[in-house]
Amino acid sequence: MTTNIRVKIREPRRHGGVPVVANAKELDDIPPDTYPPEIEYPNAYPPYWDFSNQRMYDLYVKSKREQWDEDQLDWGSFEKYMEDKAEVERVATAFWFSVLSNFDNAAAAFSRAVIAAQEYQFDAGTVGVFTTIVMDENRHCIMCGKAAYCALKGFPFRKPQSDLEEKARKYAWWVWWNGSRYWEAYKAAYDKYPLPIIFTSFLMGEAASTTVFGGASRNAKHATMAELFRNTARDEARHFTFTMFLFEDNKHVITDEIKKLVTKQIRAGFEFLSLITYKPLKTTKFWKLPRDFYDFFLKMDPIVQDVVGIPSLEFREEAWRKAVLKVGAFLSKFGVEMPEIPELGIDGREVRFEDEEMELAPPVF
Ligand SMILES: [Fe+2]
Ligand SMILES: [Fe+2]
């Protein structure tokens with residue numbers, strides 16, 4: 001890896017004054033009427049009041065305006081609705097929301113991005129939108145927890161009360177364990193890859209989430225779910241716009257080497273996200289799951305379609321294919337090639353993957 005991870009994305013803001021005291025140790029070392037040393041880049045200082053990115057700032061304003069309160073949803077009525085369901089339906093629903101939370105547990109991921117955006121002195125609009133996504137993702141994670149609670153109180157933390165619940169519990173924890181592997185890779189990515197690569201991972205994540213929530217909001221089987229998915233879909237559509245703006249705004253640092261990494265990033269994102277947008281992939285190099293996870297997932301899936309209203313597998317496959325192609329079409333404008341995704345019938349241009357490259361920064365949404 002020869003790519004410079006400290007690639008200069010924004011010109012550091014300097015006071016440019018003289019004279020400068022290099023490294024003052026004592027108060028007496030500081031002559032009067034001087035400037036401080038220049039701040040070394042990247043650093044979260046100085047505060048950076050750059051309002052020049054108008055469309056991003058507009059998106060920040062929109063993000064604030066579109067905030068909503070997950071506690072205002074009618075959870076009581078959804079809880080009642082779930083109380084009348086069979087055990088297998090309650091288990092399947094709690095399991096699905098636990099799986100969803102693996103991807104919406106993203107407040108920490110975006111908090112890390114806030115730090116990066118500040119250290120690399122992005123404009124006020126970009127930093128501002130990132131901060132609103134931290135709040136959005138926290139809300140999405142909480143709503144997963146509330147929905148799972150309505151279906152099966154305490155799952156997957158409580159002592160299981162049936163064999164089925166125990167199996168679902170084990171597999172929810174397997175998904176989360178993989179999430180923890182993602183988190184380690186994500187944190188390390190900030191020391192390994194230039195920022196635009198990491199930010200591209202958001203592009204795939206947000207494209208994925210618009211398919212999940214867009215489809216679910218139209219099919220929802222209960223009014224609370226309809227509202228939850230509709231609101232979330234609106235958040236995710238905003239996030240998707242944001243990630244496209246972010247990519248465009250930083251195209252000046254997208255070298256050929258970065259383009260190749262982005263191509264791999266798309267494949268990594270596809271593998272990571274398919275578990276929620278589509279189904280567990282047998283072809284994945286990322287996921288480490290028990291051998292019969294696939295069968296268990298496919299057994300639960302139609303039940304969640306009936307009870308919650310997530311779209312059918314066929315719909316998801318087509319929606320996921322379109323979302324991936326949409327990302328591909330967008331990136332092709334910048335000379336980035338698509339990876340091969342035979343699972344969705346996408347040829348791409350042949351790119352070879354080594355196992356360890358699947359540890360790029362898989363996205364959350
Ligand atoms: Fe989300
Ligand atoms: Fe998102």
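**Exercise 1.** Work out how the axes of helices H3 and H6 are oriented relative to each other.

*Solution.* Start with the angle: H3 (residues 87-104) and H6 (residues 163-192) pack at about 5°, and their axes are 9 Å apart. Next, apply the cut-off: angles under 35 degrees count as roughly parallel, so H3 and H6 are roughly parallel to each other. Then list the contact (C-beta atoms, placed from the backbone, within 7 Å): H3 brings residues including Val88, Val91 and Phe95, while H6 brings others, among them Ala168, Ala172 and Trp176. Finally, sort by class: the contact has nine nonpolar, three polar and two charged residues.

A word on the source: this is a predicted model, where local features need pLDDT of at least 70 and side-chain atom pairs count only at pLDDT 80 or more, while totals for chains, interfaces and linings use all residues. Residues are numbered from 1 along each chain as its sequence is written, with chains lettered from A and ligands numbered from 1 in the order in which they are written.

**Exercise 2.** Do likewise for H5 and H8.

*Solution.* H5 (residues 124-151) and H8 (residues 223-249) pack at about 150°, with axes 11 Å apart. Angles over 145 degrees count as roughly antiparallel, and therefore H5 is roughly antiparallel to H8. Among the contacting residues are Ile133 and His140 of H5, and His239 and Phe242 of H8. By class, six are nonpolar, four polar and two charged.

**Exercise 3.** Decide whether glutamate 38 is buried, partly exposed or exposed.

*Solution.* Locate glutamate 38 first: the segment before helix H1 (54-65) holds this residue. Now count: 15 other C-beta atoms lie within 10 Å. Buried needs 20 or more and exposed 12 or fewer, with partly exposed in between, so glutamate 38 is partly exposed.

Key. Axes fitted to C-alpha atoms, helices over the stretch in contact; angles between N-to-C directions. Helix = DSSP H or I, 4+ residues; strand = E, 2+ residues; numbered from the N terminus. Parallel < 35°, antiparallel > 145°, perpendicular 65-115°, else oblique. Contact = placed C-beta atoms within 7 Å. Nonpolar A, V, L, I, M, F, W, Y, C, P; charged D, E, K, R; others polar.
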